[in-house]
Each structure stands twice: as C-alpha cells, then as structure tokens.
Amino acid sequence: MSTSKDFLLGAIEAGGTKFRASVLNLDFEIVAEERVDTTTPDETMQAMVAFFHANETIAALGVASFGPLIVDEQSPRYGSIGPTPKPGWTDTPLLDYLQKALGVPAAIQTDVEAAAVAEYRLGAGQNHRSVGYVTIGTGIGAAVAIDGVPFRGKDHTELGHIPVRRAKNDQFEGRCPFHQDCLEGMASGPAIAERWNADPASLGDRDEVWDLEASYLAQLVRVYAYSFAPDVVVLGGGVGTRPDMAERVQHHAIKDLAGYSVSHADNAKLVVPAALGEDAGLIGAAVLASTILP
Ligand code: ZN
C-alpha cells in the first residue's frame, strides 16, 4: 500500500529556449531530470510527456512557465501562453495539454512567480510572510508571494515594466520594445550590454556600471515597499546575485524611501541575494505540485 510518503512530484520549467522536466520527492530533491530545446509547442510538450511516461508515476504536476501567461481562472484560455513574440507559442494551452496527457492534477504559475514561491519556501525568503523576487536576465521578471501564494489580479504582475526615473547623465535610450525606457528597457542584461558596449560578465567590478544598475533596481524596491510592503526583496539571476549587488540596491532603496516607511526605512536586510540559483523555477513548480496532491 502506498502512503503519502511515496508520492513523487512532477515539475516542468517551461523556458523560451529550454524546457526542463523533473521528478522530485516530497523533500523537493530531484530524482530524475531532462532538458530539451524549446522548438514547436507540439514537439516540446510531447517530449515532456514522454519523459514522465518513461519515469516513475507522479502524483501531481506543477508548471513554471515563461510569460505572458493567462492566469484568469474565468478565462477559457486559463493556463495558455499569452501573446508572445516566440513563433507558434501564442495561445498554446500548456496546462490543459499536459494535464490531459498525464492524467494527474496540474497547476501552473509563471516562472518568476514559481521562483518567488521557491525562495519563500526553501531559499532566501524563508521565515518571511511576504517575499518580493526579481530576476535580471534577458528581461526583468518580478513577482511577489504572500504566504507562499503569488499576488495576482486579472493578470500576473509585470513589475519589470514599471516606469523609472532616469539617472542623471544617463543617455541610454532604453530598449524595451513596448515602453523603451521602463525598468526592463534600462536595466536588463541586454540593456547593460548595449549601454556599456560590452558583455555584462566582462564588466567586472566597474563601480559606475553596477551602481547605476543598482539605482534602477532600487526604484523597483521602492514600488515593492509601497505596493506590497514585503518583508524582503530577493534578487536573482546572474546580475542579481553578483557579490555586492544586494548591498548596492539596498543602499539606493533606503535612500529612495527617505525614511517614509514604518518597517522598511531601517531594515538592513530588505534586499538579499537569491539562494536557489537556476533551480528556483523548477523547485517552485514542485512546491506548486505539492499543494494539489490528491
Ligand atoms: Zn517595458
């Protein structure tokens, strides 16, 4: 007879360039894993299904997907990919397809929501009720989890696209295709590369680069503080986990808050680096699966 201890969780991290499928135990340890390139929706989802059929039976599936994602449960397209420049993927019914093909309870979050939940549960957000999570990469993804549940309205939040106050003497025009000089347009990995005409990894410890970057990210911390009043804001991705990035962002954020916040103004640990690295999204998907076990 099987007990709940025997349950295995299925997790998929659906990324724009790679899909990752894993089987995890209830301690969120990965026991089997596969990565495939993101090609067409049919081919990619079939590879995911084949992986789970070839492994031990899972009791539930959690999916952490690239966005935009339809998260309005009243929508007939709930769990489908929203309008995306990625050829062929707009309206792909990711959740519905996988749930039917695998015949287990399934649930879906954005990759950033899942990472926020994972950091809350097992990473840098442990022992906090309300956790903001920002990842700086090709774009800027940001979400907030309250008691382990991502905050959503009709859509998931898109905090990477908040307007920012331009730094003095910053002539960079911004590169967001929608808003040009929003936070993502000014501070994503490609924005750093274009502004300084160099691969961000090669910019080493040039103070002016990372201080400017921190001044933009701090504006998001201020939005977090005044919109969601989180206990902590976790910085992920290659840029976010640079050795002194959290301290730099913290410094600018406290200055920007200017003392106007009951809990944040003197919180020396408001901004912290992520702890789960590149596994955050996948672990978040597994945490999600654990909440819908039969
Ligand atoms: Zn934008």
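Two strands count as paired if DSSP finds at least two bridges between them. In this predicted model, six bridges join strand β1 (residues 9-14) to β2, and the two run antiparallel. Three residues separate β1 and β2, which together form a hairpin, and within this pairing L9 has L24 of β2 as its bridge partner.

Strand β2 also pairs with strand β3 (residues 30-37), again in the antiparallel sense and over seven bridges, with K18 standing opposite D37 in β3. Here too the two strands form a hairpin, with five residues between them, and F28 in the turn has a positive phi of about 60°. Strand β2 (residues 18-24) is mostly covered, since six of its seven residues are buried.

## The zinc site

The zinc ion is coordinated by the ND1 atoms of H161 and H179 and by the SG atoms of C176 and C182, at 2.1 to 2.4 Å. The angles among its four donor atoms are 103 to 121°, and the site is tetrahedral. Along the sequence, the donor residues follow the spacing H-x14-C-x2-H-x2-C. Both H161 and H179 lie in the loop between β8 (149-150) and α4 (183-187), so the pair ties together parts that are 18 residues apart in sequence.

## Exposure of the zinc donors

H161, at 21% relative accessibility, counts as partly exposed, because buried means under 20%, while H179 counts as partly exposed at 43%. A search of the whole structure finds zero disulfides.

Key: Residues numbered from 1 in each chain as written. Predicted model: local features only at pLDDT ≥ 70, side-chain atom pairs only at ≥ 80, totals over all residues. Heavy atoms only, no water. Donors = N, O, S within 2.8 Å, 3.2 Å for Na, K, Ca; no water. Tetrahedral: all angles 85-135°; square planar, octahedral: opposite > 155°, others 65-115°. Helix = DSSP H or I, 4+ residues; strand = E, 2+ residues; numbered from the N terminus. Buried < 20%, exposed > 50% of the residue type's maximum accessible area, 1.4 Å probe, protein only. Disulfide = S-S within 2.5 Å.
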